[in-house]
Amino acid sequence: MEDIRSVLSQFHSKKRREDEVEKSGVGPSAVASSSEIPDVFFDEILQKFKLNRSEISLLMYLYRQVWCRPNLYKSHGIGPLNSYSDLCTILGITPEELGQYLRNLEKFGFIETVRAGQYFVRKFFTEALDKQYGQNYDEFF
(Lines give C-alpha, C1' and ligand atoms only; values in the text may rest on other atoms or scores of the structure.)
Protein backbone atom coordinates (compact mmCIF):
# COMPACT_ATOMS: atom_id res chain seq x y z
CA MET A 1 0.00 0.00 0.00
CA GLU A 2 1.25 3.46 -0.89
CA ASP A 3 2.21 6.06 1.63
CA ILE A 4 -0.44 8.80 2.04
CA ARG A 5 2.13 11.55 1.43
CA SER A 6 3.15 10.13 -1.92
CA VAL A 7 -0.51 10.02 -2.99
CA LEU A 8 -1.21 13.59 -1.84
CA SER A 9 1.94 14.90 -3.49
CA GLN A 10 0.45 14.02 -6.88
CA PHE A 11 -2.31 16.60 -6.36
CA HIS A 12 -1.71 20.35 -6.46
CA SER A 13 -3.52 22.71 -4.15
CA LYS A 14 -6.15 25.05 -5.62
CA LYS A 15 -4.40 28.05 -4.10
CA ARG A 16 -1.25 27.39 -6.10
CA ARG A 17 -3.22 27.09 -9.37
CA GLU A 18 -5.15 30.33 -8.75
CA ASP A 19 -1.87 32.18 -8.13
CA GLU A 20 -0.44 30.82 -11.38
CA VAL A 21 -3.52 31.92 -13.36
CA GLU A 22 -3.36 35.45 -11.92
CA LYS A 23 0.33 35.76 -12.77
CA SER A 24 -0.13 34.49 -16.30
CA GLY A 25 -2.90 36.98 -17.07
CA VAL A 26 -4.90 34.33 -18.90
CA GLY A 27 -8.61 34.02 -18.31
CA PRO A 28 -11.20 36.38 -16.94
CA SER A 29 -10.32 39.15 -14.56
CA ALA A 30 -10.87 38.33 -10.90
CA VAL A 31 -12.56 41.69 -10.29
CA ALA A 32 -15.29 43.00 -12.56
CA SER A 33 -15.11 46.68 -13.34
CA SER A 34 -18.10 48.95 -13.02
CA SER A 35 -19.00 52.53 -13.85
CA GLU A 36 -21.26 54.94 -12.04
CA ILE A 37 -23.88 56.32 -14.41
CA PRO A 38 -26.41 58.83 -13.00
CA ASP A 39 -29.98 57.51 -12.75
CA VAL A 40 -31.14 60.53 -14.75
CA PHE A 41 -29.70 58.81 -17.84
CA PHE A 42 -32.08 55.88 -17.47
CA ASP A 43 -35.04 57.87 -16.13
CA GLU A 44 -35.01 60.89 -18.43
CA ILE A 45 -32.45 60.76 -21.22
CA LEU A 46 -33.45 57.38 -22.62
CA GLN A 47 -37.13 58.38 -22.40
CA LYS A 48 -36.93 61.86 -23.94
CA PHE A 49 -34.27 61.34 -26.60
CA LYS A 50 -34.62 58.63 -29.19
CA LEU A 51 -31.04 57.36 -29.31
CA ASN A 52 -30.12 54.24 -31.23
CA ARG A 53 -27.95 51.51 -29.75
CA SER A 54 -24.73 52.81 -31.30
CA GLU A 55 -25.34 56.38 -30.12
CA ILE A 56 -25.91 55.10 -26.58
CA SER A 57 -22.71 53.01 -26.80
CA LEU A 58 -20.71 56.00 -28.04
CA LEU A 59 -22.13 58.33 -25.38
CA MET A 60 -21.44 55.81 -22.61
CA TYR A 61 -17.90 55.21 -23.91
CA LEU A 62 -17.12 58.94 -23.90
CA TYR A 63 -18.88 59.44 -20.55
CA ARG A 64 -16.86 56.68 -18.89
CA GLN A 65 -13.62 58.16 -20.25
CA VAL A 66 -14.40 61.53 -18.69
CA TRP A 67 -16.27 60.72 -15.49
CA CYS A 68 -15.51 57.11 -14.52
CA ARG A 69 -11.81 56.68 -15.28
CA PRO A 70 -8.74 58.58 -14.10
CA ASN A 71 -8.74 61.75 -16.16
CA LEU A 72 -6.59 64.85 -15.90
CA TYR A 73 -9.36 67.15 -17.18
CA LYS A 74 -12.30 65.67 -15.24
CA SER A 75 -13.07 68.97 -13.49
CA HIS A 76 -13.51 70.53 -16.95
CA GLY A 77 -15.64 67.65 -18.27
CA ILE A 78 -13.13 66.96 -21.05
CA GLY A 79 -11.94 63.51 -22.03
CA PRO A 80 -8.67 62.27 -23.51
CA LEU A 81 -7.86 62.45 -27.20
CA ASN A 82 -9.40 59.58 -29.19
CA SER A 83 -8.47 58.14 -32.54
CA TYR A 84 -11.47 57.89 -34.87
CA SER A 85 -10.27 54.52 -36.17
CA ASP A 86 -9.98 53.20 -32.59
CA LEU A 87 -13.50 54.42 -31.78
CA CYS A 88 -14.85 52.73 -34.91
CA THR A 89 -13.12 49.46 -34.03
CA ILE A 90 -14.22 49.51 -30.39
CA LEU A 91 -17.84 50.31 -31.25
CA GLY A 92 -17.99 48.20 -34.43
CA ILE A 93 -19.17 51.04 -36.67
CA THR A 94 -17.95 52.73 -39.86
CA PRO A 95 -16.28 56.17 -39.89
CA GLU A 96 -19.35 57.63 -41.62
CA GLU A 97 -21.62 56.30 -38.87
CA LEU A 98 -19.25 57.64 -36.21
CA GLY A 99 -19.44 61.13 -37.71
CA GLN A 100 -23.23 60.95 -37.85
CA TYR A 101 -23.51 59.73 -34.23
CA LEU A 102 -21.13 62.43 -32.96
CA ARG A 103 -23.19 65.11 -34.74
CA ASN A 104 -26.41 63.72 -33.23
CA LEU A 105 -24.95 63.71 -29.71
CA GLU A 106 -23.77 67.30 -30.23
CA LYS A 107 -27.20 68.29 -31.55
CA PHE A 108 -28.82 66.96 -28.35
CA GLY A 109 -26.21 68.86 -26.29
CA PHE A 110 -24.70 65.80 -24.58
CA ILE A 111 -21.20 66.48 -25.91
CA GLU A 112 -19.21 69.28 -27.55
CA THR A 113 -16.12 68.89 -29.69
CA VAL A 114 -13.04 70.47 -28.16
CA ARG A 115 -10.88 69.35 -31.07
CA ALA A 116 -11.02 66.36 -33.41
CA GLY A 117 -11.19 63.30 -31.19
CA GLN A 118 -11.54 65.17 -27.88
CA TYR A 119 -14.92 65.94 -26.34
CA PHE A 120 -16.55 67.85 -23.53
CA VAL A 121 -19.13 65.52 -21.98
CA ARG A 122 -21.78 66.86 -19.62
CA LYS A 123 -21.96 65.18 -16.21
CA PHE A 124 -25.78 65.06 -16.28
CA PHE A 125 -26.09 64.96 -20.08
CA THR A 126 -27.94 68.25 -20.72
CA GLU A 127 -27.31 71.85 -19.67
CA ALA A 128 -30.69 72.02 -17.88
CA LEU A 129 -29.96 68.87 -15.86
CA ASP A 130 -26.46 70.13 -15.02
CA LYS A 131 -28.04 73.30 -13.57
CA GLN A 132 -30.73 71.31 -11.76
CA TYR A 133 -28.16 69.08 -10.05
CA GLY A 134 -25.67 71.89 -9.37
CA GLN A 135 -22.95 70.72 -11.76
CA ASN A 136 -20.53 73.42 -12.91
CA TYR A 137 -17.23 73.10 -14.70
CA ASP A 138 -13.87 74.77 -14.23
CA GLU A 139 -13.16 77.24 -17.00
CA PHE A 140 -11.09 75.61 -19.71
CA PHE A 141 -11.74 77.66 -22.83
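## Overall picture

The accessible surface of the protein comes to about 10,000 Å², and carbon and sulfur atoms account for 52% of it. Please keep in mind as you look around that this is a predicted model. Of the 141 residues, 32% count as buried.

The protein has 7 helices and 2 strands, and along the sequence they follow the pattern α-α-α-α-α-α-β-β-α. Among contacts with a separation of 6 or more, 61% are between residues 24 or more positions apart.

Let's turn to the inside. In soluble globular proteins, nonpolar side chains tend to be buried together. Here, the largest nonpolar core has 31 residues, and those with the most contacts inside it are Ile45, Leu59, Leu62, Phe110, Ile111, Val121 and Phe125. Two or more residues each come from α3, α4, α5 (84-91), α6 (95-108) and β2. The biggest giver is α4, with 8 residues.

Leu59 is a handy place to start exploring. Setting aside neighbours within four places in sequence, Leu59 is in contact with Phe41, Leu51, Leu105, Phe110, Ile111 and Phe125.

Helix α3 spans residues 39-48, and its buried residues are Val40, Phe41 and Ile45. Seen down the axis of α3, these residues fall within an arc of 90°, so they line one face of the helix. An α-helix has 3.6 residues a turn, so residues three or four places apart point the same way.

On the other side of α3, you will find Asp39, Asp43 and Gln47 exposed. The cover over the buried residues of α3 includes α4 (53-68) and α7 (127-132).

## The β hairpin

Strands β1 and β2 form a hairpin with 2 residues between them. Gly117 sits in the turn and has a positive phi of about 95°. Strand β1 (residues 111-115) pairs with β2 in the antiparallel sense over 4 bridges, and Arg115 stands opposite Gln118 in β2.

In a regular strand the side chains alternate between the two faces of the sheet. For β2 (residues 118-121), both faces are covered. Gln118 and Phe120 are buried on one side, while Tyr119 and Val121 are buried on the other. Val121 also belongs to the group with the most contacts inside the largest nonpolar core.

Note on methods
Residues numbered from 1 in each chain as written. Predicted model: local features only at pLDDT ≥ 70, side-chain atom pairs only at ≥ 80, totals over all residues. Heavy atoms only, no water. Buried < 20%, exposed > 50% of the residue type's maximum accessible area, 1.4 Å probe, protein only. Pairing = 2+ DSSP bridges. Arc of directions from axis to C-beta. Contact = heavy atoms within 4.5 Å. Core = buried A, V, L, I, M, F, W, Y, C linked by side-chain atoms within 4.5 Å. Areas by Shrake-Rupley, 256 points an atom, 1.4 Å probe, with all protein chains shown as cover.
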